Every structure is written in C-alpha cells, then in structure tokens.
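Welcome! Please take a moment to look over the sequence and the 3D view before reading on.

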Amino acid sequence: MNASSFTLTTLFAALSVSATCPNTFAQRCMAFEPEKLVPYATRTVLEFVKSGETLQFPDNVKSCGRPQQKVTADLCRVALHIPTSNRSEITFELWLPEKWEGNRFIATGNGGIDGCVKYEDIAYASRHGFAAVGTNNGHNGSTGELFYHNPDVLEDYAHRSLHTGTTVGKLLTEQFYAKKPDYSYYIGCSLGGRMGVHAAEMFPEDFDGIVAGAPAVDFNHLQGQRAMFYPITGKKGSKDFITADQWGNLIHSEVMQQCDELDGVKDGIIEVVDRCVFDPEPLRCSEGQQSTECLNDAQIKRLEKIYAPYTYPNGTLIYARMNPGNEKFATQKLLAGEPFPYSQDWFRYVVLNDPSWDALTYNIDDVTKAEELNPFNIRTYPQTLPEFKARGGKMISYHGGQDNQITSLNTERFITRMMDADKHLADYYRFFRIAGMNHCNSGPGAWVFGQGGNLAGEGIAFDAETNVLAAIVAWVEKKKAPETITGTKFVNDTISLGVDFQRSHCPYPTVQTFQGGDYKKTTSWKCV
C-alpha cells in the first residue's frame, strides 16, 4: 500500500453502496460496507446500537478517561482506521441515528494536547438527530509523546485529522442515507475551540455553523503562558510555596472580596472579569508575623507576577492575564507546583525536541522559539475569515469567566482584534462571556447551555434560547442570530434537584448589568 498517495479527493472516486435495500434500519446498518468507500481504510467496528445501551471501549487508552458511553438514540456505529500518510493514521467514529433530523452532519473536537475521541459529544449530537463524527486527532492518549520526530502525527493534530474525518464522515453519511447532508456543523471546546476557528480559516467549506468554546487560539503563546506559572510558583512544597488551601481559601476569598460586588450583587460570581484587577497587598503579613492566614513578601511578589499580563521585557503582550476567581480549580494544573502537562509536552516533543527538558527552566526564549516554529500554522489567530463569511458561515464562541486553564481575557482580546478589522463581525461571528463558568463547564454560574455531552447537554430543551448548539442551527438555517444565550444552574449541579437560577449571557462587547430585584431572575439583568 502506498498510503502517501492517499488524498481526500480520492474519496469521491470510491465505490458506491450496494443497491440492495435491507428491510430494517438494523439490517441496513449491518449491510453497510464503509471500508470499501474509503481508500486504505480498515473497519474496526460496525454495529447497530439501541437507545439505552452503554457502549464499552476496551481498547480506548486509559488516560482518555472514557471507558464507556451511554447511547440515547437507535443508531448505526461505524469505526475505521484511516491512514493519513505512510506513518500516521486516525481513529474515526461515525454514529448514524435512525432518526436523522434535518439532514444534519456534525463533527466534534478534542481537548488539551490529546488524541481522545469525545464520545460524550458524539452521543449528545446523535441524540438530537445529527450524523456525528469524531476522531482521535491523529494519536491515542492524553500526551504529546507521539509528536516527537513525527511531523505527520503533528499535522494530523494541527488540522488534518478533523478535515479528513469531516470529509469521510460526509461521504459515508451521504452513502448511508442516500442523501447529502443539507447542513454541516462543528462543536468543540478548548483545543476543540481552536480546531473550530482553524477550520473556518483553513477549510471554510467544511462547516456551515461552528461552536468554538474557550478557543485555544494564539496557540504557541498560550503554551508559553501556561509554562510560565511553574517557574513562578516553584515546586510543590518548596520554600515560600503557596499551597492549594491558601489559594482556595485565603487568596480566592480576597479576590471575591475585591471583585464580587463590582456588578452590584454579592453572589459568588464575578460577572465581568475584565473589571477585576486584583491587588494582593491586603494579604501581606505584618512585620514579624508568620501565619498561613497571610503571605510573606516573596509570596506577594509571586501573586503580582501570576495575576499580571504575560509580556516580553519590552512590554509587548505575549498573552492575557489569568482569570481572577479561578483560584480553587487552577491549583489542579496552572498553580499546582508542577509542570502544566500540555505545555511541557509541547516544548519537549515539538519545540525543543528534548524529552528530558526541565519545565522549571522555561523562559521567554522558549515561547519565542515556539512562535517562530508554528508547526502547520497551529497558531490560529486570524484577524478576518473572509471565505467563511462570504459563503454564509456562522460561528459562536463562548468562554467561562473563571476558566482555570485558558484565560477568557484572551478570547476578548482575540474577538476585539477581529472587530477592529471587521465592524460587521457580529453578522457572522458572536462571542458570549459565561460568568462563573470554569473551563468549558462547571462552576457557580449558569453554565449549562448545551455546549457538549454529559450534564452540559442534559436537563434543557434543544431550544435556541437555552442551547448553543440549537442556537447555531437556528442562525444557519433560519437566519436567526442569537441575541443572548440563557444558561442554567441546577441545584448542586444535579438535574433531579431542579433549577437554581438562569442567566441570559450577553454577546460581547455588551456587559451583563444588574437592574435590581432578585439576582437569580433573568429579568433582573440587562445586556448594556
């Protein structure tokens, strides 16, 4: 096999499905021969799955943390291995629901630096009648080790896996249903958000509508900003190390003391994060004082660096400052006193080609090298998307105000930059700030709005007012642009306990502004 000759265009010269017509959906599923339609592909799974079944994935890499997935639609599951070069391939999953609603196709993204199929997002989309595809982004597992001296795997990660999976997915969907999809969508968060923006930039024909959450845009500088924290915090347990308890209690409490009521309400949520400029000075120990209830001079200096924008020595911005209010969960990665795993892998296996690189030695020279290298234009920092706009594409981004992995202030910077270049950006691209949400989900705010599988997509209707996936569908198919996206907060994040409150999140740059009354009512707030 000469896999290097494999190109996406050869897919459309493939064989057509047999003309025989099995009587039932299950029979039609089992008669499908997807591997005959995709050059060099190998079928690994073909099965009819009934709604309510829980699929097991015994071959799924343990680090991906997805050993099983409940399915809530009758569907035909297709899994393939598809080569992308002589030394790289993608794992491909396509779920074809019996009730194909609106002739819609959707691709799902990945996260971090991983190659983990997001089965929960595929299940979520197929439940709502989409033919849904996902891939492993060119490598298995949650690390970047396979990037080392293998640019083919790196290219899959940067853009080729999503584009290949989308192209193959559309072809197989058309052959299975004997009809082309009328509309094609994408949904992803974090790395998946970057993938969505990059698809609009590089392959503007792939999708009609894109949901790109917490987008990891300006990717190389992001990895530098994430790496920056470890040399500042020092190793866990080292001299003057700030503990997780101090972050979660002492520091977080002071941040909220200074910023919670900037919006006029004390509710444990910083509504507009860019207004919060944290001053650590009140936490400084008095002379001679030694206590875990205050911070010494060295610790205060660390806080000043951690909460500041990340800049070059000449003041040029590298990346926006960390979200204040994220302290409790930021101790899991950014502030853990350990290397941020994604950035460590990026510098070890891609930028520096040194698996033994010590993340404590990270400095500005390293982020400069990363940006200069910019493999396969992974940076993803467009100022305009002319082709995507011209063909009528629509995109929605959202970002949590207390994101503990990617600062939402960088998405504000990104969107502002695009607005400066296109005063009519809102005609096709809108950004919503989600107050009180952590990274992609969870948090004290109204964070459930259909942005993916699991709780994020449950307990709410598939409605354009309360579900971001439904909102992008309405924008594409009915030309109804989203004015707000109403998020839901369930009591203790448990659907069975009922709704705690809802909040209608505003399109940037409008600001969620308290009007008085009961702060848990959506009518007590207005986008100004």
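Predicted model: local features only at pLDDT ≥ 70, side-chain atom pairs only at ≥ 80, totals over all residues.

Residues are numbered from 1 along each chain as its sequence is written, and side-chain values use heavy atoms, with hydrogens and water left out.

In terms of contact (heavy atoms within 4.5 Å), 40 residues of domain 1 meet 39 residues of domain 2.

The size of an interface is often given as the accessible area lost when the parts come together. Here domain 1 and domain 2 bury about 3,300 Å² between them, with 60% of it on carbon and sulfur atoms; this buried area is the accessible area (1.4 Å probe) that two parts lose on being put together, summed over both.

Four salt bridges cross the interface of domain 1 and domain 2, a salt bridge being a side-chain nitrogen of Lys or Arg within 4 Å of a carboxyl oxygen of Asp or Glu. Between domain 1 and domain 2 there are also 13 residue pairs in polar contact, both at pLDDT 80 or more. A polar contact is a pair of N or O atoms within 3.5 Å; within protein, one must be able to donate a hydrogen and the other to accept it, and residues adjacent in sequence count only if both atoms are side-chain atoms. On the side of domain 1 that touches domain 2, H3, helix H12 (408–421), strand S15 (499–505) and strand S16 (512–514) each supply at least two residues. H12 gives the most to that side, with five residues. Helices (H or I, at least four residues) and strands (E, at least two) are DSSP runs, numbered from the N terminus.

**The nonpolar cores**

A nonpolar core is a set of buried Ala, Val, Leu, Ile, Met, Phe, Trp, Tyr and Cys residues joined through side-chain atoms within 4.5 Å. Buried means under 20% relative accessible area, exposed over 50%, and partly exposed in between (1.4 Å probe, protein chains only). The largest nonpolar core has 102 residues, and Ile251 and Trp346 have the most contacts inside it. Helix H3 (residues 151–177) gives the most to this core, with ten residues. Domain 1 and domain 2 both give residues to this core, so it lies between them. A second, separate core of 41 residues includes Leu55, Ile106, Ala125 and Phe432.

| Residue | Relative accessibility |
|---|---|
| Phenylalanine 241 | 11% |
| Histidine 139 | 3% |
| Aspartate 208 | 18% |

Phenylalanine 241 sits in the loop between helix H5 (219–233) and helix H6 (244–259). Its contacts beyond four places in sequence include Gln246, Arg302 and Leu335.

Histidine 139 belongs to the loop between strand S7 (131–135) and H3.

Aspartate 208 lies in the loop between helix H4 (191–202) and strand S9 (209–213). The side chains of aspartate 208 and arginine 391 are joined by a polar contact of 2.9 Å.

Methods:
Domains from an automatic or database assignment.
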